[in-house]
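Dear colleague,

Please find below the structure that I am handing over to you.

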Amino acid sequence: MYSDFTYYTPTKVVFGKHADEQLGALVKEQGAKKVLIHYGGGSVERNGVLKRVEDALAEVGVAYIKLGGVVPNPHLSLVYEGIDLCRKEDVDFILAVGGGSVIDSAKAIGYGVANGGDVWDFYDFKRTAQACLPIGAVLTISAAGSEMSGSSVITNEKTGTKRGYSSHLSRCRFAVMNPEFTMTLPEYQTMSGAVDILMHTMERYFNQSDNMELTDTIAEGLMRTVLKYARVLLHDPDNYEARAELMWAGSLSHNGLTSCGVEKQDFATHKLEHELGGMFDVTHGAGLAALWGTWARYVCHAAPERFVRFAVNVMGIEPQADKAAVIENGIRAMEDFYREVNMPTNLKELGVTPTDEQIEEMAERCVAACGGPAGVVVPLYKEDMIKIYMQARG
């Protein structure tokens with residue numbers, strides 16, 4: 001029997017080629033008096049997205065200030081800077097213009113302003129947030145799904161510690177999604193994003209519960225869609241339909257839809273990658289791709305029927321009596337996809353060569369971050385994590 005569930009998705013989504021034309025009205029709906037526009041590097045300046053956002057706010061008479069500089073694996077130091085700036089300028093709304101890293105950073109700033117104290121306490125599991133400044137998003141990367149989730153991941157660059165915190169308080173009030181805004185992304189970022197979308201779905205799909213058939217079918221369809229349209233974008237990066245499919249898949253992969261009726265979610269690969277990203281500052285999706293195959297082979301014996309279903313229904317493997325062969329063929333097919341879209345399948349291909357000591361440190365940090373073992377297909381303890389990291393070295 002599948003589990004009872006609560007499905008909560010309060011984010012208003014405005015999607016399409018002209019979605020950004022509604023931005024000013026969306027901000028006004030929130031009653032914002034002064035907005036912090038939070039963004040990353042120069043791409044949103046070069047492609048004109050930032051100017052369109054500024055013009056939209058000016059047109060409806062909403063004051064704003066700006067804070068750029070968000071990097072992949074967003075840094076705690078910039079979060080602190082944003083908190084101080086918001087307090088100084090009496091900001092009452094944060095508008096994240098970018099991808100998951102920018103939205104995650106905006107959420108952390110929102111927590112810090114609304115709660116006081118050290119915002120890192122929430123990510124270090126020492127406190128629970130009681131409030132968050134309201135946040136909106138103008139999405140420019142299809143990947144993290146942060147625009148419709150309550151999740152936020154921040155890196156304390158001084159300690160190399162990457163931690164996530166989740167709360168419904170930080171869910172975006174609205175998300176503006178114009179797929180055209182993703183067309184200037186480099187191929188590496190587009191494909192890393194596709195991997196992240198797949199992983200958000202797989203982390204819920206691979207479990208030990210009796211899932212709802214409808215939830216499984218949605219998840220499988222979502223994964224097949226990502227596989228199909230990532231391949232399209234590899235050869236035709238300006239394909240609007242493919243950009244739109246990937247953008248909507250990113251939101252649905254992480255807004256709770258594919259976990260309806262799922263008793264427990266795995267997310268072990270994400271936890272392992274967080275430590276990899278914290279120590280080596282790798283691109284998140286690429287880090288996930290480098291670890292997934294090793295994780296899958298390490299745990300698949302504990303959920304053979306689920307891995308067989310994945311191989312057949314998602315990767316298109318022909319069924320046969322030898323389930324172990326079907327499972328291995330399914331894992332290989334996913335790794336072949338990673339290679340096809342120029343993503344790594346091990347740490348060597350990722351460009352990372354951790355020492356035994358670094359691997360032990362990552363495993364220790366992962367256990368600490370999880371408060372015990374990671375995952376549900378097979379609960380991974382420190383020794384298991386060490387083995388996966390070592391086997392993933394390539």
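At 35% relative accessibility, does Phe15 count as buried, exposed or partly exposed, and why? Phe15 counts as partly exposed, because burial requires a relative accessible area under 20% and exposure one over 50%. Please note that the model is predicted.

The structure holds 16 aromatic pairs. In one of them, the ring centres of Phe15 and Trp248 lie 6.0 Å apart with their planes at 70°, so this pair is edge-to-face; the cut-off for that class is over 60 degrees. Phe15 belongs to strand β1 (residues 12-15) and Trp248 to helix α9 (residues 240-253), so the pair ties together parts that are 233 residues apart in sequence. Trp248 is likewise partly exposed, with a relative accessible area of 35%.

A second example is the pair of Trp295 and Phe307, which is tilted, with 6.1 Å from centre to centre and 40° between the planes. Trp295 lies in helix α11 (residues 284-299) and Phe307 in helix α12 (residues 304-313), twelve residues apart. Trp295 is buried, at a relative accessible area of 2%, and Phe307 is buried as well, at 1%. Both residues belong to a cluster linked by ring pairs, which also includes Tyr205, Phe206, Trp292, Phe310, Phe337 and Tyr338.

Charges over rings also deserve mention. The charged end of Arg306 sits over the ring of Tyr205, 4.6 Å from the ring centre.

Yours sincerely

Notes
Residues are numbered from 1 along each chain as its sequence is written. This is a predicted model: local features need pLDDT of at least 70, side-chain atom pairs count only at pLDDT 80 or more; totals for chains, interfaces and linings use all residues. Side-chain values use heavy atoms; hydrogens and water are left out. Rings of Phe, Tyr and Trp (its six-membered ring) pair if their centres lie within 6.5 Å; planes under 30 degrees apart count as stacked, over 60 as edge-to-face and the rest as tilted. Helices (H or I, at least four residues) and strands (E, at least two) are DSSP runs, numbered from the N terminus. Buried means under 20% relative accessible area, exposed over 50%, partly exposed in between (1.4 Å probe, protein chains only). A charge sits over a ring if NZ of Lys or CZ of Arg is within 6 Å of the ring centre and within 35 degrees of the ring normal.
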